[in-house]
Amino acid sequence: MSPEPTTLLQGTLDLLILKSLATGELHGLGISRRIQQITGGTFVVKPGSLFPALHRLEDEGWTSSFWGDSENNRRAKYYRLTKTGRKQMEVESKRWGRISWAIAQALQAS
Amino acid sequence: MPLLVKGRSFLRNLFLTRRVEQDLDHEVHAHLQLLIDENIRAGMPRRKAERAARMELGGTEQVKEQVREKRLGNGLHALMADCRFGLRQLRKNPGFTLTVVLTLALSVGANTAIFSLVNALLLKSLPYPHPERLGTIYARVTGARSSENPINLDGERWELLRDNVATLISALSGGTSGVNLKAGSRVQYVRNTRVSAHYFDVLALQPLLGRNFSEDEDRPHGPKTAILSYDLWRNTFGSDPGILGQAILLKGEPHTVIGVLPQDAITPSNADVYTALQPSREGAGGGSNFDVITRLREGATWQEADAKINSAWALRARRFENEYPGVHLSYYSVPLQKGETESLRPQVLALMLSAGFILLIACANLAGLTLVRMLRRASEVATRLAIGASRWQIQRQFWIENLLLALLGGAVSIAVGFLALKWLFLLLPEHFLPVASVPLDGRVMTFTLVVSVLTSVLFGMFPAFAARRVDLRSSMADRSVVRAGSVRVRQSLIAGEVALTVVLLAGSGLLIRSLIHLETLPPGFNPNGVMVAKASLDDVRYHDPANFRKLLDESTAAMRQIPGVQNAAVGLTLPYERAINDGVTISDGKEAGTQDGTDLFYVTPGYFETLQMPLLAGRTFTDADGPNAQKVAVVNHAFARKFYGGSNPIGRYINKDTLIVGEVADVSVVSGLEPVAPLMSEQAMYVPAAQVSAQFLSIVHVWVQPDWIVRTAGPVEGLTAEMQRALAKADPNLPASGFYSMKDLLARTLTTQRIEVALLGAMAALALLLSAVGIFALVANMVAQKTREIGIRMALGSSIGQVMVQVGRSGAAASLVGLVLGLALSAGALRVMRSELYGVGVYDSTTIFAVVLTLSTVTLLATALPALRIASIDPARTLREE
């Protein structure tokens, strides 16, 4: 797998962050690593993109944050999905599913 | 729900900035630590781990900035930062800020004050329920001659209106006058308005206590009743709730109190006490002496009402049309507010126009000031552009600064407007305006805000456009660039404002000349050393001629006893006052049967002598001209000229049995016949007070108060008290309503002219001040910017004087162009003032000369003062500074 990160499509990052939080609360680095892991290393999210997105999602009310201790006893800010965030994720996943199916269809047709 | 969360986030970001920032800082650092930990766990040495972590993070500050940009409410945050920066800029240039704020405060303040007048007089609804249903009646004459005027009603028209026009509730007011009220042992002088039944129903005013006048009480010879104002009830009757049904002694006879108006009740006259008018076709109702107000009934339209009025008065209109063939007379309703303020409308609008001039002048000044400031900031702008600010950001910064100035100036101008209104009210006599108050209400505030912001937009446009053309390289290199173009722009701005100033100066100059003309008219008598006391004889006791004569005899005799008094008399009325008008018929000779109007005076013997009116022929009155003697009259010169073609009137008969025994010189009076000027002389006849009829006495004193006059050679201190004592000797229940010198009476008559002069003069002075500031700023700025050039010139041998002239020329030239432009403009614009000018033409050389002189002096001062700074320039130092 190429270490060169693929440019994220508009809106994809939000969905990936929400998805990464679906299994439980994570801190910023945790989210970044989890996205890397679940996309098989295709997407590496830089802090410069990650943090603005995290804060925006929190402003929207889709995530909430709290300060907690990390696995090696560092203070870190943790994020978790709110109820509206989970709903948003489902909506976005369905939409994304439709789009990717449509794109795949289009590509196969040719 | 999501909106709520968003709102909370927005507010948190906006107001808990420090907490949010701290949180972000901790988070980014924690992230860095986690990265380092991760790298160490992966086996890197500590230093390398830290370096790799930093590389991955990409700079803590940059990350934080990226988060900030995405935050909710970021736009507002930036705006607040701009505002803070703007305020800092304004604080850093206190001279500029002060000039701008003061200019705005004075110009917008003047506009605020004038607009609140416009608002109170022309815009605000009358303070009654359904003001749109309130009206008054106008007459429209078309055909051979045409006019549209409010009408007064006589008894006949009133009865026709009252009995035939059911779509309206109509009511009359018979005017307001001062009368005497005796409560307990105290006699008090109060304002009394005579109104018909339903007057308060038309205004929809319900009394606080009791009731309104009934139709029965409004019949001729009906019971005497009174309704008190709240203030009179509280101050004189101690808020006695048992006042209803009690009798008060008003005008010498008992009146039963039937009602008290509520505290906040406002009536068009705002009198202290109201009595029933009891109108009929006799007495006051024999002439057109009543004001009418109407209220349209529910469901009716004004068109219906007008049709009814015209049919009710059809016979009257036909009579008029027969008298003046070729004209058509019809009647129509006009909103009450318009009817009440019609006479003041042109003055108020002229004031608003001149206030607009002031605003334009201020705009021109401010545009010039901000333009200079902008050019001075060219290097700052260039720097900001160079380090990546967008032009929009820079523009926004300037607009925000202008807006801040506008708001600051607007706030101060409300205070200035408030003070200006206070000053205006000191100037205006009581009850001059037909409204109870001139409030600074929401509409005025909005107007002020809009005007300030609009002004800011107007003068903000210039520098904003200039900023679009800032050239990076030249601006950063040059320290002082006086662009010829910018000076020319400023010069034309100043020429424009000077032109407007000249129009205002010339206008107020003409008004001042008019006022001087009126004040210095030959009076026709000797006004010096005359003291006047007025008292109301609207009193049932003095309807009896014998009582009336006794009062005059005893009081004038007592006044002659005052030390220093040479002569005393009583007359209705005096020079400078409005005389009553009556018809006169010539009874003999070839003019027999001629009928016309004349001023009519009653006077006691000694009246002409006290006033020192020259006797042209015949004799004046003596005590022998009593009630049973031959009826006699003295006429003035204008009378003799009008009716006898200037031949001797002595020995001629008028009004059947009255013999003319004397002819006196003309005096200046307020015309009620054919007014062409506020003061003029017209035909007048004088009759002995002892020969007037009871019927005349009962009507005339309702409208006019007689004057007691004394001529004294001594000091006037204490004279009024002596006069009051003399009056009390004849009647202890007769307080004087006021004391005046002849100068006071003249001033009272010319009140409107004085107010016009004061207001327009204040406007012109303000305009002059603003123009001076503009010229001063232009020259001062030239001196500041050209310091180096001046230094070089002086080093090369120019004298200080030469350089001063060279620099000052810019201001003087602009002012000169403005002067010429302004004079040309005045020649056209001031023609509208013609009806307000007396004894002076629109093209008046004295006024023009005064305007040129004033403007030249001010221009000279405004250019010389800043140019004097040149003297302190040291050529050696300015050259070294480079």
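Helices, of at least four residues, and strands, of at least two, are DSSP runs numbered from the N terminus. By that convention, B:Thr720 belongs to helix α23 of chain B. The structure described here is a predicted model. Chain B holds 29 helices and 22 strands, while chain A holds 4 helices and 3 strands. The briefing takes up each chain, the contact between them, and a few individual residues.

**Chain A: overall build**

- The elements of chain A follow the order α-β-α-α-β-β-α from the N terminus on.
- Taken along its principal axes, the C-alpha trace of chain A spans about 55 × 35 × 20 Å.
- Chain A has 110 residues, of which 30% count as buried.
- Among the contacts in chain A with a separation of 6 or more, 51% are between residues 24 or more positions apart.

**Chain A: the sheet**

- Three strands of chain A make an open sheet with the order β1-β3-β2, and the pairing is antiparallel.
- The edges of this sheet are β1 (26-27) and β2 (63-69) of chain A, each of which pairs on one side only.
- Strands β1(A) and β3(A) are joined in the antiparallel sense over 2 bridges.
- In β3(A), A:Tyr79 is the residue that stands opposite A:Leu26.

**Where chain A meets chain B**

- The contact draws 20 residues from chain A and 21 residues from chain B.
- On the side of chain A that touches chain B, α2 (28-38), α3 (47-60) and β3 (75-81) of chain A each supply at least two residues.
- The element that gives the most to this side of chain A is α3(A), with 8 residues.
- Sorted by class, the side of chain A that touches chain B comprises 5 nonpolar, 8 polar and 7 charged residues.

**Chain B: overall build**

- Chain B is more spread out than a compact globule, because its radius of gyration is 38 Å, well over the 29 Å that the globule rule gives for 882 residues.
- The C-alpha atoms of chain B fill a box of roughly 135 × 80 × 60 Å along the principal axes.
- Buried residues account for 40% of the 882 residues in chain B.
- Of the contacts in chain B with a separation of 6 or more, 83% involve residues 24 or more positions apart.

**Chain B: the packing of α19 and α23**

- Helix α19 (residues 545-560) and helix α23 (residues 719-730) of chain B pack with their axes 8 Å apart, at an angle of about 145°.
- The crossing of α19(B) and α23(B) is right-handed.
- On the α19(B) side, the contact is made by B:Leu551, B:Glu554, B:Ser555, B:Ala558 and B:Met559.
- On the α23(B) side, it is made by B:Met723, B:Ala726, B:Leu727, B:Lys729 and B:Ala730.
- By class, this contact of α19(B) with α23(B) has 7 nonpolar, 1 polar and 2 charged residues.

- Apart from its neighbours within four places in sequence, B:Thr720 is in contact with B:Met531 and B:Phe739.
- B:Leu427 is 293 residues from B:Thr720 along the chain, and the C-alpha atoms of the two are separated by 24 Å.

**Backbone features in the loops of chain B**

- Most residues other than glycine have a negative phi, and most peptide bonds are trans.
- The peptide bond that joins B:Leu572 and B:Thr573 is cis, with omega about 5°.
- B:Thr573 is found in the loop between β13 (565-572) and β14 (580-585) of chain B.
- B:His221, a residue other than glycine, has a positive phi near 65°.
- B:His221 is located in the loop between β5 (209-210) and β6 (225-228) of chain B.
- B:His221 is exposed, since 7 other C-beta atoms lie within 10 Å.
- B:Lys656, which is not a glycine, has a positive phi of about 70°.
- The loop that contains B:Lys656 lies between β18 (653-654) and β19 (658-664) of chain B.
- B:Lys656 counts as exposed, with 9 C-beta neighbours inside 10 Å.

Technical notes:
Residues numbered from 1 in each chain as written. Chains lettered and ligands numbered in written order. Predicted model: local features only at pLDDT ≥ 70, side-chain atom pairs only at ≥ 80, totals over all residues. Contact = placed C-beta atoms within 7 Å. Nonpolar A, V, L, I, M, F, W, Y, C, P; charged D, E, K, R; others polar. Axes fitted to C-alpha atoms, helices over the stretch in contact; angles between N-to-C directions. Left-handed = near helix turned anticlockwise from the far one by under 90°. Rg over C-alpha atoms; globule rule 2.2 N^0.38 Å. Buried ≥ 20, exposed ≤ 12 C-beta atoms within 10 Å, placed from the backbone. Pairing = 2+ DSSP bridges.
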